[in-house]
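Subject: Structure handover

Hi,

Here is the structure we spoke about. Please have a look, then read my notes below.

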2 protein chains.
Amino acid sequence: MKKRINDFKKQLNKRKLDALLITSLQNIAYLTGFSDFYGPEREAFLFLTRGNQFILTDGRYSESVRKLVQNFELLEISYDNPIEKIFKDLVRKLKIKKVGVEEKDLTFAEHKRISKHFNLIGLDLSDKRSIKDAKEIELIGRACKLGDKTFSYILDKIKQGITEKQIAFDIEFFIKKNGGEVSFPPLIAFGENAAIPHHKSGETKIDQKNGQFVLLDFGTKVDGYCSDMTRTVFFGKASQKQKKIYNTVYEAQQRAIAFIARELERKGFTEAASADKVARESIIKKGYATIPHSLGHGIGLEVHEHPRLSPKSKDKLKSGMVFSIEPGIYIPGFGGVRIEDLFVIEENKIRQLTNSSKALIEI
Amino acid sequence: MKKRINDFKKQLNKRKLDALLITSLQNIAYLTGFSDFYGPEREAFLFLTRGNQFILTDGRYSESVRKLVQNFELLEISYDNPIEKIFKDLVRKLKIKKVGVEEKDLTFAEHKRISKHFNLIGLDLSDKRSIKDAKEIELIGRACKLGDKTFSYILDKIKQGITEKQIAFDIEFFIKKNGGEVSFPPLIAFGENAAIPHHKSGETKIDQKNGQFVLLDFGTKVDGYCSDMTRTVFFGKASQKQKKIYNTVYEAQQRAIAFIARELERKGFTEAASADKVARESIIKKGYATIPHSLGHGIGLEVHEHPRLSPKSKDKLKSGMVFSIEPGIYIPGFGGVRIEDLFVIEENKIRQLTNSSKALIEI
């Protein structure tokens, strides 16, 4: 944790700041190891100066924070000691003027309120977590293994008449029974629903029609670290048209992987946008529409984080990064296929972390 | 939905605006009926002008939006038609200059980007949902009933050796099996963990010690509408000290309810801060510390929404509002009790929506 804190504090000199105000739950967890704060409302702040680290939270959490958080001094927010007063004291005692804030997390309302006390500079600190250490890679690996186990388990549950929601429920149940959490609500799409890249699992039943698409997109979370994987299987025999779609998506993913591996060997990194382009063009060349989303995304404490594999990304893929590669073809009114895996780069080699079969499965 | 849209548009004249930019998932669901957007990332915007309503989203959702969203024209965000271009077009075609934004939802980074196109005015629109219609009250009522059913079910599961996490898992499983969702991760606290108002369910096991606190705080969600309830029961025989705490919390809640009922009858509303004060003082008078949180909160599409029952609240409780009353006593190193129920005000009468027993339960 100390290394991480010091790494964040490098921003102070780099951006000529007196302090950093950290608000995102992920960066709070990353720097303190404490992940009990609840997302929808602002329940805590970290305040890092050259000489000190403070954690600001209220009576609901102060007991736990005292017990579990090291390296940070607790400043308790209460009716008698509101956040306004805490900020005023910090200005006075530590002569804080210029403060870096997480601009993608801080709200406009908070900005208005806090900028009364400090001169605020918007920063994007999300890329600070893009290079994972061995422990983080191990946790993501464990999350991926649990995902693979879940995929084997769920294949047996795909039976005539079952609904998307029931499959989603079963996936969640299995993951939790095995000590994990879901990293997002499972996205299960049958038949033409598979044409909707973010279809919400609903009441659609699987039916006897041959070769119905069954798109399964789900992830697990182990000790805060996420996995993410998509498989598309067929209920009944896949038609020639379906097989061609499947193989085209599969090939696009393979081409992207091979491209990244070659680039890593050649120059020690890969431009994320170039990897995106390889997969995208491979699909377009076969006569399909372009992928209506990015090719992939970094993953860690958040399901989607730095780097981005998209046409306009400026990111470079390099050692320590963990990310998805997930091409897809979606045909409105017909269906769709997406194949998604997670990968890590280690010593300039790309290694796949999710290991469920990508053979065309007919159930 | 049309009534709701028109109600929101009243802000245009009131605040002299050309448009409203709606970003919060709850307000998007409230105005469109579409609730499939996923929280952690910005996936959609609503743009309301005097004459038009637009929904801005990308290819992952456009299929579903076309199918399910009425009253809104879809402007699809894509690589060729990025959000910047859409905003530029809106400025040009509709001569939009001044735009109201949800200041508690829009991020600082979004504000920087969007304010290049429009003059932005921060608004808090969350109170627009505080008066519920009959359909909304019915849905919250159904969520509360499912909560009551869950409480009966879970009492039988509290057995020697079970962990907080297992109870939380069982609650979630039961709610989902019965067609609901959890409105937040169940907060289960055994023994001295009950002294932490927002304790995260962990590996603590229930043990043979007499009279262990078992605090159960959980909520369900039915068609997007939330319930929220807390009960504290005892594993083994409660001691005199525990009974006194329990009865003091119970009495504080009863006093607050009676106060609200009297004020409603007398003048048709109740100051939320006064209700908070009644419960708070009733606890302090018995020699306990003040409640380290608000007495209660409004609830609906969000677990916590307008109105607030807190010492500094300016809100008035009145017909159509649904909110919690949840006093608590927390003694570090010993344990705690919270009792929470939901209430609705209808025709100046207060009615309790959660109906699980509040008798002191020893298991």
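**What turned up**

A:Lys95 sits in the chain A loop that runs between helix H4 (83–94) and strand E5 (98–102). Please keep in mind that this is a predicted model. A:Lys95 is not a glycine, yet its phi is positive, at about 55°. Is A:Lys95 buried or exposed? A:Lys95 counts as exposed, because it has 9 C-beta neighbours inside 10 Å, and the cut-off for exposed is 12 or fewer.

A:Asp223 also has a positive phi, about 50°, although it is not a glycine. Its loop in chain A lies between strand E8 (212–222) and strand E9 (225–226). A:Asp223 has 16 C-beta neighbours inside 10 Å, so it counts as partly exposed.

Next, the cis peptide bonds. In chain A, one runs from A:His306 to A:Pro307, with omega near -5°. A:Pro307 belongs to strand E13 (residues 305–309) of chain A. In chain B, B:His306 and B:Pro307 are joined by a cis peptide bond with omega of about 0°. B:Pro307 is part of strand E15 (residues 305–309) of chain B.

Last, how the chains relate.

Best wishes

Technical notes:
Residues numbered from 1 in each chain as written. Chains lettered and ligands numbered in written order. Predicted model: local features only at pLDDT ≥ 70, side-chain atom pairs only at ≥ 80, totals over all residues. Helix = DSSP H or I, 4+ residues; strand = E, 2+ residues; numbered from the N terminus. Buried ≥ 20, exposed ≤ 12 C-beta atoms within 10 Å, placed from the backbone.
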